Amino acid sequence: MSTYEYILRELSKGIATTLELTLIVFVGGFLLGFILAVARTYGIRPARWLSIGYIELIRGTPMLLQLYIIGFGVPMAIRSYFPQFTINPFWAVAIGMILNSGAYQAEFIRGAFNSIESGQMEAAMALGMSKWEIIKNITFPQAFRIEFPNMTNELIYILKYSSLAMLLAVSEMMYQAKSVGAVTFMYGEIYLMVGAIYLVFALILARIMNRIEMKLYIPGVTTRATSRKGLLG
Amino acid sequence: MSEEILKIVDLKKRFGKNEVLRGVSFSINKGQTKVVIGPSGAGKSTMLRCINRLVEPDGGKIYFNGVDITSKKVNIMEVRSKIGFVFQHFNLFKHLTALENVKIGLKIVKKMSDKEATERAYKALENVKLSDCAHKYPAQLSGGQQQRVAIARALAMDPEIILFDEPTSALDPELVGEVLDVMKSLSKKHVTMLVVTHEIGFALGVADEILFFYKGIIWERGEPNKIIYNPQKKETKDFLKRIFELYSRGEAE
């Protein structure tokens with residue numbers, strides 16, 4: 001087996017973890033973001049305050065610090081009561097990144113909710129719909145389309161920043177790159193390869209998201225201009 | 001035909017220091033069309049919005065089929081489903097086609113099956129002569145067509161009364177006629193209607209009574225011919241004079 005084959009094999013182990021982490025964080029962050037955005041836009045006052053406080057706290061502190069707190073701080077605190085407690089580093093990072101991404105995705109969704117003119121809410125109320133029915137059937141389907149380009153951004157952002165997981169010893173792509181580098185001393189070649197792999201996945205994800213965006217297009221809700229084709233078609 | 005559907009007693013509403021409604025009372029019987037006119041800021045829109053509690057009134061009572069719907073015990077969502085509302089700016093749901101706009105209330109609020117809702121929505125669209133636009137989105141329709149879809153959306157719910165809030169004010173002049181034609185046909189079919197509008201011709205043609213709103217109260221009221229051609233109060237005369245000037249100037253040009 002050549003050195004390059006060895007490097008590629010080790011890196012590909014990391015790719016699976018990177019993609020897994022990216023998708024889990026993207027979906028989890030979206031669900032959390034949706035709840036936060038609904039609470040902030042349509043919730044009663046305490047719910048609004050909680051949502052705002054949470055978002056400001058997350059946005060105002062570094063993600064790495066948040067990951068350390070979830071990965072090291074919280075487990076240590078729990079261990080002082082339950083000495084046997086351990087947390088899988090993958091899930092520590094996944095939870096930490098979901099908590100982080102949720103705050104950002106909440107802001108995208110909130111912005112989209114706010115951009116829908118209040119007349120549609122009134123019309124839905126006048127038909128006799130409840131608040132939840134209005135969110136589910138009227139405002140969210142539009143907000144989702146409006147915020148979709150931001151979701152593409154967030155997905156690619158998560159893909160790249162999942163590399164922070166290496167600092168909690170999660171064997172994603174960057175972690176694997178460093179390990180293989182330590183064995184082969186081919187750091188330059190390895191990091192170039194890793195960079196290329198990230199770039200290819202970013203382009204593929206952007207292309208998939210653009211396709212979905214075009215599928216979701218409704219005249220008057222979003223514009224064609226935002227549904228342009230990506231670099232990979 | 002003399003069954004009283006809506007009765008409003010001493011309705012009051014203030015926004016901060018601004019007293020928008022200062023005690024409005026009137027009623028509408030089944031099958032009647034009443035038209036509300038008056039200068040901007042007189043409280044016409046606020047009065048309509050109080051009726052289905054899009055705006056919460058501060059005082060007074062609103063009886064809908066004899067039940068006081070200002071009471072907190074009333075299920076307001078159920079009441080709203082029986083009161084149609086047509087807005088100045090149409091307020092169609094932008095992500096839904098014309099047909100889906102009409103269907104959604106039937107499905108979500110009236111819990112109809114998709115098939116039943118579709119049939120009924122098509123009938124409502126036929127009523128406003130828009131069956132051929134069923135699968136277009138609001139952005140692909142003219143203002144007049146959008147407003148007719150909005151009327152179909154209200155109509156399909158089989159409401160006991162429809163409230164119109166300046167339904168033609170946001171339309172280009174050449175599109176006003178098609179919307180008024182639909183409203184006239186509804187009035188002739190004895191759909192109960194309460195219409196805020198500046199369309200004097202419409203009021204003369206179909207209204208059972210005109211209510212002239214001024215400074216938050218009903219300043220003058222009566223039969224259309226009497227109010228339009230022989231108003232008693234100075235404020236009513238001034239208002240109508242301004243409306244007529246606007247129209248005649250338009251004709252002169």
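How many residues of chain A are in contact with chain B?

## Chain contact

19 residues of chain A are in contact with 22 residues of chain B (C-beta atoms, placed from the backbone, within 7 Å). On the side of chain A that touches chain B, α5(A) gives 7 residues, the largest share. By class, that side has 10 nonpolar, 7 polar and 2 charged residues. Ala, Val, Leu, Ile, Met, Phe, Trp, Tyr, Cys and Pro count as nonpolar, Asp, Glu, Lys and Arg as charged, and the others, Gly among them, as polar.

## Basis

This is a predicted model; local features need pLDDT of at least 70, side-chain atom pairs count only at pLDDT 80 or more, and totals for chains, interfaces and linings use all residues. Residues are numbered from 1 along each chain as its sequence is written, with chains lettered from A and ligands numbered from 1 in the order in which they are written.

## Helix pair in chain A

Helices (H or I, at least four residues) and strands (E, at least two) are DSSP runs, numbered from the N terminus. Helix α1 (residues 3-42) of chain A packs with helix α6 (residues 131-161) of chain A at about 140°, axes 10 Å apart. Axes are lines fitted to C-alpha atoms, for helices over the stretch in contact; angles run from 0 to 180 degrees between N-to-C directions.

## Sheet in chain B

In chain B, 6 strands form an open sheet with mixed pairing, ordered β6-β7-β8-β3-β9-β10. Strands pair if DSSP finds at least two bridges between them. Parallel strands β3 (residues 33-37) and β8 (residues 193-196) of chain B are joined by 4 bridges. V35(B) has V195(B) as its bridge partner in β8(B).

Methods
Contact = placed C-beta atoms within 7 Å.
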